[in-house]
Each structure stands twice: as structure tokens, then as C-alpha cells.
Amino acid sequence: MQGVVASLLFGLVAGTCDGAGYLALHRLLTSHITGNLLLLGADWATNQNQGVLGRLIAIPVFILWAWLVRLAAGKLHRHGLPALRAMLLAMVALLALFLLLGMTIGPFPSQDAPNNLIVGMTGVAAMATLNIVARLWPDLAAGTTAMTGNAVKMAMDLAELVIGEHEKESELLYDSGRLGLTVLAFVGGCALAALVYWKAGTWCTALPLVFAVAMTALWPDEQRLQEKR
């Protein structure tokens, strides 16, 4: 049950953060990070070449931050400290900063504006941390950067279930269900961010923090997780 709830919250954190960034920060995707390349190409194709710096730097920032976070988690683990819990708290802290900055240093005139870049890269760092959390937490089978891949894996698992090519059918069904729940939660999170932005503007940046705090309440047993590995 804990894995199901964690998968739901994971998708909601990613979806609301992506939606908030897209709507409040001039179409900057913080979670589905490679989608920025598509938006960048579309802007160039339509001669809308202003305000693209955030999309250009989001991918290297995401990769570098994920690398640093994974290094930090490895060092914590080697010293016998709760790495996953530390990464969850780091994600919550970044999302709290994402909310604080989003509410205090606006308005955001363009994607290239310094204040827009600061808030956007804070969200990108939070989502990079979330993806490392997913790597450390076996109950989370998905990644925020590849929701299409998550959906395809779910479809393949269900196909294997139908044709009987998988020995552990109950385990496969459980994993596929969690993947499907994450994808649906991501979509729902994007819609929820849009609704809050429509009603309350940049207050939509509070949503991912709410769901991230709920994730920390699960506090997985890291010794059990290491045994699973």
C-alpha cells in the first residue's frame, strides 16, 4: 500500500511542478525536462526567439544537480546515514524555496529575466532531486523525465501478462498499476496546477510542496530498502 501512495504522490509532485513552471514561468518545464527542447524548436520555427535562455540551461542544470545529489546520497550511505530521507528533505527544502521565490520576487516579465531564471532553476533542481529519490526508493518505479516511457513500460508489462510471458504475474500487475497511477497523477497534477493558476496565479507553486511534504510522511525504512536491492 505504501508503494501505491508513494507512486501517486510522486506523480502529483512532478505534475504540479511542471504545470506551475509552464504557466507561471513562461513555459519552462521543470520536470519533463527534455520537453524544453521541443518548445525551443517550436519557438525558433515560428520566429519567437525571445525568452529561451531558461530552456537552454534547464537540461544541463538538471543533469549537473542530479549528479551532485547522487554523489551526496552515496556519501551519506557509506557513512551509514539515511540517504533517502536526506534527499526527500532536500527536495522539500527546494520546493519551499521555489514557492517562496515565486511569491516574492515576481512579476516575471520574460523567461530570460534573472528572477524567472532563479525560480525556474530552483524548480529544476527540485525535480532532479525527485528523480534521484526515485532511484533510491524501489517502491517508485517511474521517473518524471520519461512519462511516455512509463506508459510504454506499463503497456508492455500488461501485454506480457496477457500472453503469459512473465512468471510473477501478481508482481507484474502491481508494478504496472503503480506506473499507471503515476502517469495519471502526473496528468492530474498538471491539470490541478492549471486550475490553481487560473484562480490564484503564482500560488500554484505551492502545490508541489504540499505533495512533497506528504511524501516525507511515508518515511521508508532504508534498511529494508537496502535488503531489497
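Some ground rules come before the exercises. This is a predicted model, where local features need pLDDT of at least 70, side-chain atom pairs count only at pLDDT 80 or more, and totals for chains, interfaces and linings use all residues. Residues are numbered from 1 along each chain as its sequence is written, and side-chain values use heavy atoms, with hydrogens and water left out.

**Exercise 1.** Work out what span helix α3 should have, and compare that with the model.

Solution. Helices here are DSSP runs (H or I, at least four residues), numbered from the N terminus. Start with the length: α3 covers residues 53-78, which is 26 residues. The expected span is 1.5 Å times one less than the number of residues, so α3 should span 38 Å. The end C-alpha atoms are 38 Å apart, in agreement. Now look along the helix: there's a kink of about 25° at I59, shortly before the proline P60. That bend is the angle between axes fitted to the seven residues ending at a position and the seven starting there. Just after α3, G80 takes a positive phi of about 75°.

**Exercise 2.** Find which residues of α3 are buried, and what covers them.

Solution. Buried means under 20% relative accessible area with a 1.4 Å probe, protein chains only. In α3 that gives G54, R55, A58, I59, F62, A66, V69, A73 and G74. Their cover includes α2 (35-45), α4 (83-104) and α5 (114-136). Take A73, buried at a relative accessible area of 2%. Leaving out residues up to four places away in sequence, A73 touches (heavy atoms within 4.5 Å) A83, M87 and L136.

**Exercise 3.** Is Q111 buried or exposed, and which backbone nitrogens lie by its side chain?

Solution. First place Q111: you'll find it in the loop between α4 and α5. Its relative accessibility is 2%, so Q111 counts as buried. Next, check the side chain: a polar atom there lies 3.2 Å from the backbone nitrogen of G54, and one lies 2.8 Å from the backbone nitrogen of R55. Among the other residues that Q111 touches are L25, H26, N116 and L117.

Definitions and conventions
Helix = DSSP H or I, 4+ residues; strand = E, 2+ residues; numbered from the N terminus. Buried < 20%, exposed > 50% of the residue type's maximum accessible area, 1.4 Å probe, protein only. Polar contact = N/O pair within 3.5 Å; in protein donor to acceptor, adjacent residues only side chain to side chain.
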